[in-house]
Amino acid sequence: MASLHSYSFNIPTHKNFRPSIWNNKRTISNLFFSNKSNQTMLIAIKSSTTSTTLPILSQEKIEEKIEEIADNHQESPEENPKQLDEIWTEIQGCNNWENLLEPMNPLLRQEIIRYGEMAQACYDSFDFDPNSKYCGTCKYEGANFFERVGLSGRGYTLTRYLYATSNINLPNFFQKSKISSVWSQHANWMGYVAVATDEAEIRRLGRRDITVAWRGTVTYLEWIHDLKDILHPAHFRADPSIKIESGFFDLYTSKESSCEYCSFSAREQVLAEVRRLIHRYRGEKLSITITGHSLGAALALLSAYDMAEMKLNLTGDHGDDAVSKIPLTVFSFAGPRVGNLKFKERCDYLGIKVLRIVNAHDKVPKMPGIITNEKFPHQRYIEDKLSFPWSYAHVGVELALDHTRSPFLKKTGDLRDAHNLEAHLHLLDGYHGKDGEFRSAGGRDVALVNKSCGFLKSECEVPPNWWQDEHKGMVRTGDGRWVLPERPRVESHPPDTAHHFAQVIKYARAKLELF
């Protein structure tokens with residue numbers, strides 16, 4: 001007699017529930033029938049109030065039953081009572097996302113994932129290959145960047161790339177080629193600046209959005225151990241008590257005069273470009289949104305603080321009756337702590353809105369500041385009175401996710417899985433409150449999780465680390481040989497970079513006189 005297998009799962013009774021595993025019929029079958037033999041099986045379907053055991057059925061009959069259950073529990077698309085252009089300031093955090101997280105507002109979910117995808121684009125376009133002379137660069141030209149990373153039609157135009165020098169004390173973060181004839185001995189590509197240019201997208205957003213996306217690291221977490229846990233005065237204003245982690249400070253402010261890509265620091269590059277765009281679109285309704293994952297999240301917060309401290313998001317000159325403020329928002333994914341308590345309080349005072357999306361099982365958001373942080377009741381006393389040098393505090397509002405709630409993700413001891421950005425976006429798609437069941441709200445493709453990891457259960461039949469260029473970028477020539485083609489040379493810095501950064505400094509001093 002064939003052995004019997006018992007399977008059970010819970011079906012909540014409310015009518016709009018549709019388990020996300022039912023979005024993919026092949027995955028459903030695999031999750032239920034991990035034993036591929038043609039055995040008869042027993043399936044027990046339990047609701048919150050009743051338990052019903054079906055008769056012994058063949059696999060074909062059970063698959064029919066699964067189809068029937070799925071059809072009876074179709075989740076209605078999330079309804080948006082208001083349009084984004086009506087409440088965009090709330091979505092950007094003007095009220096610190098009050099009443100938008102529990103339950104998750106569908107427009108907020110949509111926008112967080114959208115900005116997360118813009119951060120993910122930094123990984124999808126970065127050349128990690130140490131055997132390539134282009135290692136450490138962006139693989140794609142700016143003109144077709146969004147198309148190549150699968151984000152075409154989003155209504156944004158990439159306006160410049162951002163670079164940083166690798167000659168700092170974060171050796172495990174930077175990617176360097178093993179080949180002698182490399183594109184640069186000192187630089188790494190760090191992200192990009194983009195602006196909404198499509199008129200339909202601008203109408204949908206309710207404003208013209210300037211976005212900065214910073215690259216983190218997806219392949220390993222050794223960089224976190226490079227942090228010396230030493231706080232450094234920010235020096236963006238005359239208050240040495242406001243401090244940030246020294247490795248982040250060096251990455252953001254260092255430059256290398258002998259390298260054309262690092263002749264301006266990452267700080268100078270991003271401030272100059274954002275100032276240029278604000279000046280170009282002056283008089284329009286604008287927003288500045290900065291996003292990043294991992295170390296990129298630290299740079300996102302640091303650059304937002306810098307912009308606010310330099311009054312870059314204030315518009316109006318001496319002759320104006322009033323100075324208006326451009327909303328400045330950070331959507332941070334799996335980011336570490338950046339600065340001390342004084343840094344956090346200064347960010348709050350400046351009105352920087354930060355939403356931190358974290359996985360409860362990820363170690364990176366718990367560092368640095370393991371000993372003294374914002375959860376320690378006497379942090380202020382230790383920082384002020386004792387000048388304790390290892391005191392850190394998170395900034396903003398936290399949205400904590402839990403990867404164990406997803407039926408697609410396997411149990412893992414690999415810390416990189418819990419830190420993975422695509423896994424965070426997957427969890428956001430299924431998040432329905434701290435105590436809510438995981439179910440897909442937007443039908444996000446679960447295969448995206450395995451772009452650069454193997455976090456999905458094997459039943460999903462998605463190979464790990466599947467995102468790569470065809471033939472790793474090799475092309476066949478007319479005579480049948482395979483070669484790695486030369487990439488078009490990317491402009492290092494626009495010729496007006498120095499001018500616009502000088503304007504940042506000039507107008508920051510002028511605006512300070514208004515306060």
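Entry 1. I looked up T289 and found it in strand β9, residues 286–293 (strands are DSSP E runs of at least two residues, helices H or I runs of at least four, numbered from the N terminus). This is a predicted model, where local features need pLDDT of at least 70 and side-chain atom pairs count only at pLDDT 80 or more, while totals for chains, interfaces and linings use all residues. Residues are numbered from 1 along each chain as its sequence is written, and side-chain values use heavy atoms, with hydrogens and water left out.

Entry 2. Buried or exposed, I asked of T289? T289 counts as buried because its relative accessibility is 0% (buried is under 20% relative accessible area, exposed over 50%, partly exposed in between, with a 1.4 Å probe and protein chains only).

Entry 3. I checked the T289 side chain for polar contacts (N or O pairs within 3.5 Å; within protein, one atom must be able to donate a hydrogen and the other to accept it, and residues adjacent in sequence count only if both atoms are side-chain atoms). The side chain of D209 is there at 2.9 Å, and that of Q92 at 3.0 Å.

Entry 4. Next, contacts (heavy atoms within 4.5 Å). Beyond four places in sequence, the list for T289 includes Y115, R207, T329 and F331.

Entry 5. I traced the open sheet: seven strands, β4-β5-β6-β9-β12-β13-β14, with mixed pairing (strands pair if DSSP finds at least two bridges between them). β9 and β12 (328–333) run parallel, joined by six bridges. Opposite I288 I found L328 of β12.
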